[in-house]
Amino acid sequence: MIEFKNVSHGPLENLSFKIEQNDRAILFGPSGAGKSTMLFLFNRLKDPEQGEIFYKGKPIEEVPITTLRQKVGLLLQSPNLFPGTVLDNLKYGPSLTNSWEPGAEEKLLEYVQLPLDIKDRDVDHLSGGQQQRVSLARTLANEPEVLLLDEPTSALDNKTAEDIEHVLKELIEAHNLTMVMVTHQMDQARRLGTKGLFMHEGRIQETGELPGMLDDPKTKELKEYLQE
Amino acid sequence: MSPEISNQSLLFLIIFVVVPLSLSYFYQLGMSKNIIVSSLRGTIQLFAIGYILTFLFDLNAFIGIPFMITVMIVIASFHARKKGKELPYVLPTIFFGLILVEVSVLSLWLLFDMVEFTPSEVIPMSGMVIGNSMVAMGLALERMKSEFTENSGRLLAALSLGAEPKQASHLIVQRTLNAALIPNVDRIKTIGLVQLPGMMTGLILGGVEPIMAIKYQLVISLSIFSSVSLSAMFVTLVMYKHFFTKNKQLLDSEEALKEYSSRG
Ligand SMILES: Nc1ncnc2c1ncn2[C@@H]1O[C@H](COP(=O)(O)OP(=O)(O)OP(=O)(O)O)[C@@H](O)[C@H]1O
Ligand SMILES: [Mg+2]
């Protein structure tokens with residue numbers, strides 16, 4: 001689905017790896033390892049200084065940027081909602097291509113388990129967990145094939161985090177999504193991931209199946225990381 | 001009141017300088033030198049401008065007016081540029097923006113016979129238009145920069161959803177223009193209530209009938225209002241593009257990323 005060939009950018013050094021269709025990849029590793037930078041490269045919020053990225057076998061530059069960004073949806077770490085109502089936010093992506101269908105909010109809010117009547121609320125009046133759900137629904141409104149998630153639950157309390165995790169799991173299964181998620185919570189990685197990419201100082205130090213690689217770390221860096 | 005102030009009377013202006021000077025002296029504010037130098041400098045500048053204006057007013061309008069307007073626009077451009085030095089193409093943007101504003105306003109004045117094409121009318125009125133536009137452009141630039149930094153998360157969100165830079169920065173453009181226009185709306189609203197506008201005061205002191213002075217003031221106030229709006233709009237709409245790369249990426253996304261990750 002997505003392939004990196006010898007990609008270097010900022011903190012990232014010479015990365016080569018593949019994310020296959022329907023993978024649920026977990027990117028994890030110490031702070032500053034370059035995880036967010038990697039998600040930015042997937043969504044083309046940045047272009048690599050060196051190397052090549054392929055999307056479905058095609059060089060990423062050959063896909064029109066805005067199309068790519070809609071297909072490879074990115075959920076940023078903080079909700080970053082636009083001022084206005086919940087509905088305004090949900091409509092944003094599809095409206096860019098005039099493909100918003102009135103009533104679509106019903107399905108979207110159901111996905112993220114929010115009540116329908118929240119649609120006319122001002123986003124400033126929502127709780128952190130609600131905002132993050134709206135943000136997720138906003139990304140889903142574009143009907144992405146790949147979902148990139150940057151620490152989607154790190155700013156939330158445990159209960160809300162679990163709810164969102166649950167929502168994600170159902171969504172990904174129901175829609176056959178390919179997922180790349182950054183998380184610091186290893187229990188979350190076990191629950192959601194099928195494949196792990198352990199990043200350390202800009203390199204992919206170790207990859208493997210989840211949860212297997214967490215139970216049997218090969219490198220000393222991963223062992224140390226897991227002990228913390 | 002006599003429209004002429006004699007040179008002797010002018011000498012007594014020194015008293016007005018002596019007040020802050022003695023304040024500075026007795027309270028040891030250490031500003032004495034600064035006060036003297038500034039007052040002298042201001043006086044010399046004004047007299048110099050007076051002589052230059054006298055000279056220009058005597059020139060043929062078709063030489064004096066374009067010359068002086070060009071000088072004003074060049075100086076104003078360099079001044080306003082300071083607010084956005086790190087941005088590409090600021091100087092030419094401001095320069096052409098000011099030309100655009102001045103030419104439009106001047107054309108309207110002349111077309112509707114509000115102002116006569118003589119240096120003594122066009123130059124001071126243009127000076128006010130250019131000066132205010134310069135300030136408006138500087139403010140718009142500053143505001144735009146801070147809006148871009150503050151909203152980098154939202155901009156990234158919009159871009160990541162597939163927005164064109166133009167669509168993504170819609171909110172920022174809106175806020176910048178809003179901020180640029182509100183003080184002007186307020187100024188027009190309270191005009192004449194708190195303080196008589198400088199030009200009107202000048203005309204009345206110079207012996208012009210109040211109603212006549214008001215007409216001039218209206219022309220200049222509304223001209224300034226519209227040129228300030230036009231200036232802010234022009235720089236904002238031209239400059240926002242330079243915050244993005246040709247691949248529709250936020251130019252400062254290194255900074256934005258840092259900002260964004262430090263928040264989480
Ligand atoms: N183009 C670049 N050139 C140099 N440094 C960069 C560049 N891009 C990002 N960085 C730096 O690389 C570091 C890692 O960035 P990144 O946010 O991707 O790490 P992360 O793994 O997501 O960390 P965290 O877990 O704290 O979110 C940051 O300090 C960032 O400032
Ligand atoms: Mg990060």
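Predicted model: local features only at pLDDT ≥ 70, side-chain atom pairs only at ≥ 80, totals over all residues.
Residues are numbered from 1 along each chain as its sequence is written, and chains are lettered from A in the order in which they are written. Local features need pLDDT of at least 70 and side-chain atom pairs count only at pLDDT 80 or more, while totals for chains, interfaces and linings use all residues; side-chain values use heavy atoms, with hydrogens and water left out.

In chain A, an unreviewed UniProt entry places the feature "domain: ABC transporter" at residues 2–226. UniProt positions are given in the numbering used here, with feature names shortened, and annotations may be inferred rather than shown by experiment. The span of residues 2–226 of chain A is 37% helix and 25% strand, and its end C-alpha atoms lie 27 Å apart. Helices (H or I, at least four residues) and strands (E, at least two) are DSSP runs, numbered from the N terminus.

For chain B, the annotation "transmembrane region" in an unreviewed UniProt entry covers residues 6–27, 34–53, 59–78, 90–110, 122–141, 191–212 and 218–240. Residues 6–27 of chain B are 82% helix and 0% strand, with end C-alpha atoms 34 Å apart. Residues 59–78 of chain B are 90% helix and 0% strand, and there the end C-alpha atoms are 27 Å apart.

Chain B is also divided into domain 1 (1–58) and domain 2 (68–263), with bounds that come from an automatic or database domain assignment. The C-alpha centres of the two domains of chain B lie 31 Å apart. Five residues of domain 1 of chain B are in contact with seven residues of domain 2 of chain B, contact meaning heavy atoms within 4.5 Å. The area buried between these domains of chain B is about 490 Å², and carbon and sulfur atoms give 85% of that area. Buried area is the accessible area (1.4 Å probe) that two parts lose on being put together, summed over both. The side of domain 1 of chain B that touches domain 2 of chain B has five nonpolar, no polar and no charged residues. Here Ala, Val, Leu, Ile, Met, Phe, Trp, Tyr, Cys and Pro count as nonpolar, Asp, Glu, Lys and Arg as charged, and the others, Gly among them, as polar. Zero salt bridges are counted between domain 1 and domain 2 of chain B, a salt bridge being a side-chain nitrogen of Lys or Arg within 4 Å of a carboxyl oxygen of Asp or Glu.

The contact between the chains takes 28 residues from chain A and 24 residues from chain B. Between chain A and chain B, about 2300 Å² is buried, of which carbon and sulfur atoms give 56%. Leu45(A), Arg69(A) and Leu96(A) supply 22% of the area that chain A buries against chain B, more than any other three residues. Helix H1 (35–42), helix H2 (65–71), helix H3 (86–96) and helix H5 (128–140) of chain A each give two or more residues to the side that touches chain B. H2(A) gives the most, with four residues. By class, this side of chain A has 10 nonpolar, 12 polar and six charged residues.

Over all chains, the count comes to 19 salt bridges. In one of these, Glu13(A) pairs with Arg203(A), and the closest N and O atoms are 2.9 Å apart. This pair links distant parts of the chain, 190 residues apart: Glu13(A) is in strand E2 (residues 12–19) of chain A and Arg203(A) is in strand E10 (residues 203–209) of chain A.

Most residues other than glycine have a negative phi, and most peptide bonds are trans. A cis peptide bond, with omega about 0°, joins Leu210(A) and Pro211(A). Pro211(A) lies in the loop between E10 and helix H8 (212–215) of chain A. Arg44(A) has a positive phi, near 60°, and is found in the loop between H1 and strand E4 (50–55) of chain A.
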